[in-house]
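Please follow along in the view below.

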Amino acid sequence: MESSSSALSRLSRFNRHLQPPEGSIYDKSLFKISPEVSDALSSGKAVLALESTVISHGMPYPQNFETAKQLESIVRENGAVPATIAILDGVPCIGLSMEDLKKLAILGSKVRKTARRDIAHVVAARGNGATTVSATMFFASKVGISVFATGGTGGVHRHGEHTMDISSDLTELGRTTVAVISAGPKSILDIPKTLEYLETQGVCVAAFGTDEFPAFFTEKSGCKAPCRVDTPEECARLIDANAMLKLGSGILIAVPIPKEHAASGIKIENAIQQALKEARDRNVTGSAETPFLLQRVNELTGGSSLASNIELLKNNARVGAKIAVALSQLRQ
Ligand code: PSU
Ligand code: MN
C-alpha cells in the first residue's frame, strides 16, 4: 500500500499543476505590491508577511519605528523578503517603504485599527489603516503569501461569554489559509477559551519546541498545546499539508518567548488585573480594549513589558523567516 507521505506528495504535485494559487485569481490591481515582494512571489522566493497594528497601536513612537525596521532586517538576514501590510490612502499595500513605515509609526493610533470588518470602509474612505492579524491574513492570502509573523494574536477576552468579545483573528484563522507565527495570546485574554474557540474554528494550533501553549510574556499558560512542532522544516510540511488538503483554514504556530526575555509572571499578572479593572471602570470596550490594555500594562510595568514585547517580536520574525524559507524550498 502507498504510504501516506507519498500519497500526500502525489496530491501536492497534482494540486500544484492543476490549481493556480489562490492569489493569482484575485484582481491584483486592487493592491500595491512592492517590486521586491512582487519579484519574490513570482520567483517562489520566501516571503514573510508582517502586520502594522503592532506598529501603530501596539507600541509607542519611536520604539515602534525602530522595531518595525529591525523586524524587516531580521527577516532579510534569515533569507526571506519582508512584506509589511497596511492600507495607505485607501490602497492595500503589500511591502512598505521606510517612509511608509515611519508615517504609520508617527501617526500611531490616529491610523485606523483595521480588522477584517473595517477593510472595505477604510478603502472606500481612502483612509489609512493599520492591519490587525485578521486583515493582514486576508491580504497575505490574496497575494499568495503563506507565512505571517506577529507578536500576539487576539483571542477570547476575559468574560467573553458575557461580552461576546472574541477577536476576529480567531475566525480569520478558521477561514484563511495562512500560518501565523506568534508568541501566543496575551494573558489579558482568556487563554483556555481562546484554545476552545480555535478548535471550534478547525484551526491547527501548534507550539514550537514545547508541549505547552505559550502566553506571550511567559513561556507557560498552563494549557497543553494541541500539537508540537520542533523545526522550521516540520512547520513547512505542516503548512504544505494544510494547503494541499485544501482545508481552507489557517495554522497558529505559537513560539514561546526566549527564556532570557520572559517577564516575571506575577508582575505582569498584577499589571493585567489592574489594567482590566481600569478598562471596566472607564468602560473601554470593543476594538479599543486591546490597545488600551497593552498600553496600560506597559506603563504599569515601567516599560519592562515593552522590552519583552520587542524581543519576542524579533524572535518570531526570525522563526517566521526560517519557516518561510523552508516552505519555499519544499515547494521548489
Ligand atoms: N496583541 C498584542 N499586540 C498587538 C495586538 C494584539 O499583544 O499589537 C493587536 C494585533 O494586531 C491583533 C489585534 O490582531 O491587536 C487584536 O485586536 P482585537 O482584540 O481588538 O481583535
Ligand atoms: Mn474585540
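This is a predicted model: local features need pLDDT of at least 70, side-chain atom pairs count only at pLDDT 80 or more; totals for chains, interfaces and linings use all residues.

I began with the largest cavity, and its volume came out at about 70 Å³. Residues are numbered from 1 along each chain as its sequence is written, and chains are lettered from A and ligands numbered from 1 in the order in which they are written.

Rolling a probe the size of a water molecule over the atoms shows where empty space is left. On a 1 Å grid over the protein atoms alone, a cavity is a set of points where a 1.4 Å probe fits but cannot get out; a pocket is an open set with protein on both sides within 12 Å along at least five of seven lines; lining residues have an atom within 4 Å of a point. Points are joined across faces, edges and corners, and a volume is the space filled by probe spheres set on them.

**The cavity**

I found one cavity of 30 Å³ or more in the structure. Its lining has 13 residues, and Leu50, Glu51, Val54, Ile55 and Leu71 are the closest to the centre. Helix 3 and helix 4 (63-77) each give at least two lining residues, with helices (H or I, at least four residues) and strands (E, at least two) taken as DSSP runs numbered from the N terminus. Helix 4 has the largest share, three residues.

**The second largest pocket**

Next I looked up the second largest pocket, with a volume of about 660 Å³. I counted 34 lining residues, and Lys113, Thr132, Ser167, Asp169 and Thr290 lie nearest its centre. Helix 3, helix 7 (133-143), helix 9 (168-175) and helix 13 each give two or more residues to this lining. Helix 13 supplies the largest share, three residues.

**Ligand 1**

Where does ligand 1 sit? I found it in the second largest pocket, which takes more than half of its atoms lying within 2 Å of the pocket's grid points. Helix 3 (53-56) and helix 13 (289-300) are the elements that give two or more residues to the shell around ligand 1. Of the 15 residues around ligand 1, Lys113, Ser167, Asp169, Lys186 and Thr290 come nearest; a residue is near if one of its heavy atoms lies within 4 Å.

I then checked polar contacts (pairs of N or O atoms within 3.5 Å). An oxygen atom of ligand 1 is 2.8 Å from a side-chain N or O atom of Glu51. For a polar backbone atom of Val133, the distance to a ligand 1 oxygen is 2.8 Å. His157 has a side-chain N or O atom 3.5 Å from an oxygen of ligand 1.

**Two loops**

Which residues does a cis peptide bond join? I noted Tyr61 and Pro62, with omega about 5°. Pro62 is in the loop between helix 3 and helix 4.

My last entry is Asp89, which is not a glycine but has a positive phi of about 45°. I placed Asp89 in the loop between strand 3 (81-88) and strand 4 (91-94).

Note on methods: Side-chain values use heavy atoms; hydrogens and water are left out. A polar contact is a pair of N or O atoms within 3.5 Å; within protein, one must be able to donate a hydrogen and the other to accept it, and residues adjacent in sequence count only if both atoms are side-chain atoms.
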